[in-house]
Amino acid sequence: MRPWTFEAHIPRTVFGQGTLSKIPEEVEKLGGKSVLIVTEDTDRQIALAERIGNDLGKDRVAGVCTDAVMHTPEDVTNKALEQLKASKADCLVSVGGGSTVGLGKALAIRTGIPHIAVPTTYAGSEATPILGETVNKLKTTRSDPKILPNTIVYDVDLTLSLPAQLTYTSGMNAIAHCVEALYSPTINPIIEGVAISGITNLYHALLKLKDAPNDIDARAQAQQGAYAAGVCLGHVGMAIHHKLCHTLGGTFNLPHAQTHTVVLPHAMAYNMEAAPVAMNQIAKAIGTDGSPAQALWELEKALGTVQSLESLGLKKEDLEVAADLAAKAQYPNPAPLERGKLLALLENAFYGRPPS
Ligand code: NAD
């Protein structure tokens, strides 16, 4: 028997189709009278903000902030904070991917204003008390229960516009949260069940979405998987895969979901022998008798996703630096962190080789 401790931090969650129209109700539940809608500066996301604004009505919209960008830079947050203060808003609604939810969290933690997150990708940030912010190009991450949004509104309709490749890479990003949860030393039976359901839903949904991108049931299955993945990320520590992706994203500015996609099978191969229970659970969830790392690599091949770090813009000479950084960082991981093996992992990922 393994002892465990679990303290749940899960926001109120509204899940469904057409649920964007429930935002006024949710704002009211939080006592909000005046809302700042946070999004990014693209036509699609601004249109979503306008829809939310129309549902709320003019009197309850304090403004729309379109400043969200990747990596939550502090200067962007400071500018948005000025807008928030000037608007006198008493509630935040962030609508967008992980970058937008990140700005919503950064504003909420600085002001204590309640935050409703409306995610449009599968990144999972809405379900975590974690905030990554960039100051002078250095990304640091902190965790605080106060960072967790008060409410999540999942509207499956919002994911229909995700292009195929973003669907797949964002889905693989979510699978990575579940995979690393299963071999985390802080895993407990509750999160274990959540992680297994997340992998099962995401794996099978991605396969269905390949042939039927507008299949609403498959979209719902993927989004429920993404929610499960976010819950995993928010409750247990991650390991080598997330640390490598953090380094590759932070130091070499590689794109988030795509980097997760390329690295995941290789990180799993690295931990294959050291985490047999977790690997069996993953294999069972996706329905393979063989290596789950190989099965996910094959899934990526079938989906036509990016599979090499080279194609994401990494340079061969960066591999040594990345291996140094990954070996220096201290964090729990099933297999010991050895520079030579980490370099081999990175080389496989760089050239798009099968995991080994
Ligand atoms: P993102 O928010 O940057 O969005 C990626 C791209 O997808 C953008 O161009 C955006 O316009 C587009 N997009 C978003 N939704 C769309 C939709 N429905 N249809 C079409 N296009 C759409 O990327 P992401 O992968 O969602 O999030 C990555 C960021 O989130 C990273 O900065 C990462 O560190 C952070 N993150 C944080 C946590 C956390 O717990 N703190 C968890 C996961 C990710």
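The model is predicted. Domain 1 brings 23 residues to the contact, and domain 2 brings 23 residues.

**Buried area**

- The size of an interface is often given as the accessible area lost when the parts come together.
- Here, domain 1 and domain 2 bury about 1,900 Å² between them.
- Carbon and sulfur atoms give 63% of that area.
- Which residues of domain 1 lose the most area to domain 2? They are F15, Y122 and V156.
- Together, F15, Y122 and V156 account for 35% of what the domain 1 side buries.

**Polar and charged pairing**

- How many salt bridges are counted between domain 1 and domain 2? The count is zero.
- Polar contacts do occur: six residue pairs across the interface meet the rule, both residues at pLDDT 80 or more.

**The domain 1 side**

- Three elements, β1 (12–16), β7 (138–143) and β8 (151–155), each give two or more residues to the side that touches domain 2.
- Of these, β8 gives the most, with three residues.
- By residue class, the side of domain 1 that touches domain 2 holds 11 nonpolar residues, eight polar and four charged.

Key: Residues are numbered from 1 along each chain as its sequence is written. This is a predicted model: local features need pLDDT of at least 70, side-chain atom pairs count only at pLDDT 80 or more; totals for chains, interfaces and linings use all residues. Side-chain values use heavy atoms; hydrogens and water are left out. Contact means heavy atoms within 4.5 Å. Buried area is the accessible area (1.4 Å probe) that two parts lose on being put together, summed over both. A salt bridge is a side-chain nitrogen of Lys or Arg within 4 Å of a carboxyl oxygen of Asp or Glu. A polar contact is a pair of N or O atoms within 3.5 Å; within protein, one must be able to donate a hydrogen and the other to accept it, and residues adjacent in sequence count only if both atoms are side-chain atoms. Helices (H or I, at least four residues) and strands (E, at least two) are DSSP runs, numbered from the N terminus. Ala, Val, Leu, Ile, Met, Phe, Trp, Tyr, Cys and Pro count as nonpolar, Asp, Glu, Lys and Arg as charged, and the others, Gly among them, as polar.
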